[in-house]
Amino acid sequence: MRLQEAVDLVGLIGVDITRSSENPVIGVAVGGSYEQPIAEVGPTDFAVIAYVERQPDSEAAAARWRRDLKAVCVEAARANDTSLTFDDIRIVEVGDVFRAQAYTGSAHANPPAVNTQKWFKFLRPGIGIANPVGSYPSRLVSGTAGFYVRDDENSVFLVSCNHVIARERREGDPKEPGPEPVIQPASMDLSGSDLDHLATLHELARHFQIAELTAFVPIQADGSSNLTNVVDLAIARLVESDRDDQFLSLLPYCGRILGEAPGYEAGLVYKVGRTTGYTEGNIYEIDATTQTHYDGWTATFTGQLAVRKTVDSTGLTFSEKGDSGGPVLTDTHLLAGLLFAGSPIRSLVNPISAVMSELRGLVGNPTIVL
């Protein structure tokens, strides 16, 4: 199957299959006819990928199960007056449902070798942040700073996920977010002595605020409408503080953001995040339609990138809880997208083209700080 044919089919059948409660498919994407990075797929070797949490343990049962799932996809294509064969479909096990990867709870995570969870004098991409409104001090939270942009008036904004700095605001929530602080480090990463002395949200913000929530793209929740999402995105304007902003494009690990990636041509990518630090992977699927789990509700996303870690990458996965909002870059240090969700075997990324398009609706003529 050729690339455009696979893209068209996913566009036709992806949302209906993913949202259906009558099958175990949790996402549909465009990938290779066997497990390989998208950059290595031949011109006629593309396939429609159906994501599932797990397959049956028995090989005989798994074979029947895969056949039945492929029949669901074929029937959906037929209902849309298009053809799809069993050979054009591949079932991919991802280990669990896709979950938005902010970190909530009461336990501290072990820091990576280069600690992205600590207090930073110089603000950077890829470090731990949080919006503690509505949670502190009873719950501790964390996510990751993605990158920074300037507007026409030279104001600087931190870019991250809606569910990290805008507290999962959905369609129908008030458009004006109000004065909500974004802090660094995240409340999850404060020491015991910090928590003892900073008893109120006001005191926490006075010591650690770096930005103020400015705008967000509301998330369309499943069931509230038939609409889907292309980004999980919010911005916060940097405020006056004792932090230095001369390193806004300098990553804690591995050089500087050099610009925006042109498309899906990337082979190797890497991300920097609050929980797992630096990890590397490959884009295995594109144009993914997936259902993502939030705090008690789900949302369907289309047009996403799906990344699998490389054999040489540190850690067990490309991303974990707390890495949401982290920048994903090509091996030439160009922004490929914004990490927002994952499972044990795949991480989901908003493509940078979609992120920048939506940012233009939030900020006047945004330019990436380089």
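Mentor: Let us begin with Asn154, which takes a positive phi near 70° in the hairpin of strand 8 and strand 9, a hairpin with five residues between the strands. This is a predicted model, in which local features need pLDDT of at least 70 and side-chain atom pairs count only at pLDDT 80 or more, while totals for chains, interfaces and linings use all residues. Residues are numbered from 1 along each chain as its sequence is written, and side-chain values use heavy atoms, with hydrogens and water left out.

Trainee: What makes strand 8 and strand 9 a pair?

Mentor: Strands are DSSP runs of E with at least two residues, helices are runs of H or I with at least four, and both are numbered from the N terminus. Two strands pair if DSSP finds at least two bridges between them. Strand 8 and strand 9 share four bridges in the antiparallel sense, and Phe147 stands opposite Val159 in strand 9. Strand 9 also pairs with strand 12, again antiparallel over four bridges, with Ser160 opposite Ala234.

Trainee: Why is strand 9 described as largely enclosed?

Mentor: Buried means under 20% relative accessible area, exposed over 50%, and partly exposed in between, with a 1.4 Å probe and protein chains only. Five of the five residues of strand 9 are buried, so the strand is largely enclosed by the rest of the structure. Val156, Leu158 and Ser160 are buried on one side, and Phe157 and Val159 on the other.

Trainee: How do you know that the buried residues of helix 2 line one face?

Mentor: In helix 2 (residues 59-79), the buried residues are Ala62, Leu69, Lys70, Cys73, Val74, Ala76 and Ala77. Seen down the axis, these fall within an arc of 160°, so they line one face of the helix; the arc is that of the directions from the helix axis to the C-beta atoms. Their cover includes helix 1 (3-19), strand 1 (25-32), strand 2 (46-52) and strand 3 (89-93). Just after helix 2, Asp81 takes a positive phi of about 60°.

Trainee: What makes a set of residues a nonpolar core?

Mentor: The set must consist of buried Ala, Val, Leu, Ile, Met, Phe, Trp, Tyr and Cys residues joined through side-chain atoms within 4.5 Å. The largest such core has 43 residues, and Tyr51, Ile129, Tyr148, Leu158, Ile165, Leu238 and Tyr294 touch the most other members. Strand 11 (residues 209-216) gives the most to this core, with four residues. Apart from it lies another core of 34 residues, among them Phe46, Val48, Cys73 and Ala76.

Definitions and conventions. Expected span 1.5 Å × (residues − 1). Contact = heavy atoms within 4.5 Å.
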